[in-house]
Amino acid sequence: MDPSSATPLPRQNPWWSRLVLLKTSLSSELSGAVGDLGTFIPIVLTLTLVSHLDLSTTLIFTSLYNISTGLLFGVPMPVQPMKSIAAVAVSELPHLTTAQIATAGATTAATLLILGTTGLMSFLYSFIPLPVVRGVQLSQGLSFAFSAIKYIRYNQDFITSKSTTPRSWLGLDDLILAISALLFLVLTNGFGGDNHTIDDNDNNSLTRPQRRMSKRLRVLSAIPSALIVFLFGLVLCFIRDPSIINDLKFGPSRIQLLKITWEDWKIGFLRGAIPQIPLSILNSVIAVCKLSTDLFPDHELSATKVSVSVGVMNLVGCWFGAMPVCHGAGGLAGQYRFGARSGASVVFLGIGKLAIGLVFGNSFVKILNQFPIGILGVLLLFSGIELAMASKDMNTKEQSFVMLVCAAVSLTGSSAALGFGCGILLHLLLKLRSMECSCFGFSRCSSKTSADEESALIPSVREFSKHSP
């Protein structure tokens, strides 16, 4: 056989290039990379100011997490703060120390690591009904959206976690600026769907107006809108307070092990880990796996893999004072909303965090402290709405009922675990109600008549109808 006539084998890409292969344009991946910063920046800034979190260490470790998860999962897997621990640390007195925050994150991570390695997390993932998961996602999404509206409408005091005075209409962090950013993102991104991918391969099937619209939507979607808004916010930081240039000090802080006492372990677990563990199981593993399956049907995530990832990240970084982190469904929704379609987006984000942590270190908090909160609110609003829209696939009234009750309890009770428990109970009660039992439970119970029983009943019914008046 002539070697020249042989069919060449398809070229295989290296494993690393397949994991971060761009599924869309580079500009879209860069824009999606900053899609979850509306959540990340306020929490990091608050922990830095209140609990004296080492910003340089956190940026360096979270950058390594971003790069690793982008390569490992191949989807825009977010790395976000553990929100319940952060809320306890800054809102309850006495404030948690850095060591206590670390122990809360480490014990939460150890729990998820055990659940992942033993297979219990996969069991939970397959057992929990979809309407309950959607209820948790809906409550989290609406919670983000409510917080975003507060960021846009009111000035914020992150140290006390409260809104202060109404935001002015004119200024460098005003309502006009936030509304302009909102309109710009809607104009370029639309409703967040892939509405720019109109099939124009067959030009004969498209009219001239359809071709023009398709071209216009592709041009608009190619604009890295979220990245532009974020970079514009950074420029405004220096305009709002030019003196921060003199406060910048180059170089990272020294990374060192924390000194942790037994009292730190006890306080961290009781006050921080116990409320965080249910939220991490539901939102950081189960909800994010469900959402990833919705967004990337050909790239299903393993609940075991995600759970182990959260455990390993924190059991490494928390010992050095890095902020406890998890994989949040809201972050995934936000990154997808602004164009992220592969692991490349979080790799780019990790590279950016690493550069900032190594170059500016802890002095970067001066810049974050001047970042326009209204712009963060706009980014957070889109993330929350995208996450809430995951609940649109409830096809029956029963499913919608369970989902809405779960979401309502989660929102009013400020606890995803409470809403989850009510959702599971309601789901079981509805299933029990639909079962048909006879003879006080001594006969077999079934939710519907079997095909054989139904066919046997038909002749009897017909015979009865003949003799009935």
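Predicted model: local features only at pLDDT ≥ 70, side-chain atom pairs only at ≥ 80, totals over all residues.
Start with the general idea. Rolling a probe the size of a water molecule over the atoms shows where empty space is left. Two kinds of space matter here: a cavity, where the probe fits but cannot get out, and a pocket, which is open.

A search of the whole structure turns up one cavity of 30 Å³ or more. Look for its lining in several stretches of the chain. Pro 81, Met 82 and Lys 83 are part of it, as are Gln 140 and Cys 326. Gln 276, Leu 279, Asn 283 and Ser 284 also belong to the lining. Helix 13, residues 262–295, is the main contributor, with four residues. By class, the lining has four nonpolar residues, four polar ones and one charged.

Now turn to the open space. The largest pocket has a volume of about 1,200 Å³. Its lining counts 37 residues. To find the centre, look for Lys 83, Ala 87, Ser 143, Phe 144 and Ser 147, which lie nearest to it. Lys 83 also lines the largest cavity.

Which helix gives the most to the lining of the largest pocket? Helix 8 does, with eight residues. This helix spans 130–153. Other elements supply at least two residues each, among them helix 3 (37–50), helix 5 (83–91) and helix 13. The pocket lining divides into 17 nonpolar, 15 polar and five charged residues.

Terms used
Residues numbered from 1 in each chain as written. Heavy atoms only, no water. 1 Å grid on protein atoms, 1.4 Å probe; cavity = no way out; pocket = protein on both sides within 12 Å on 5 of 7 lines; lining within 4 Å. Points joined across faces, edges and corners; volume = space filled by probe spheres on them. Nonpolar A, V, L, I, M, F, W, Y, C, P; charged D, E, K, R; others polar.
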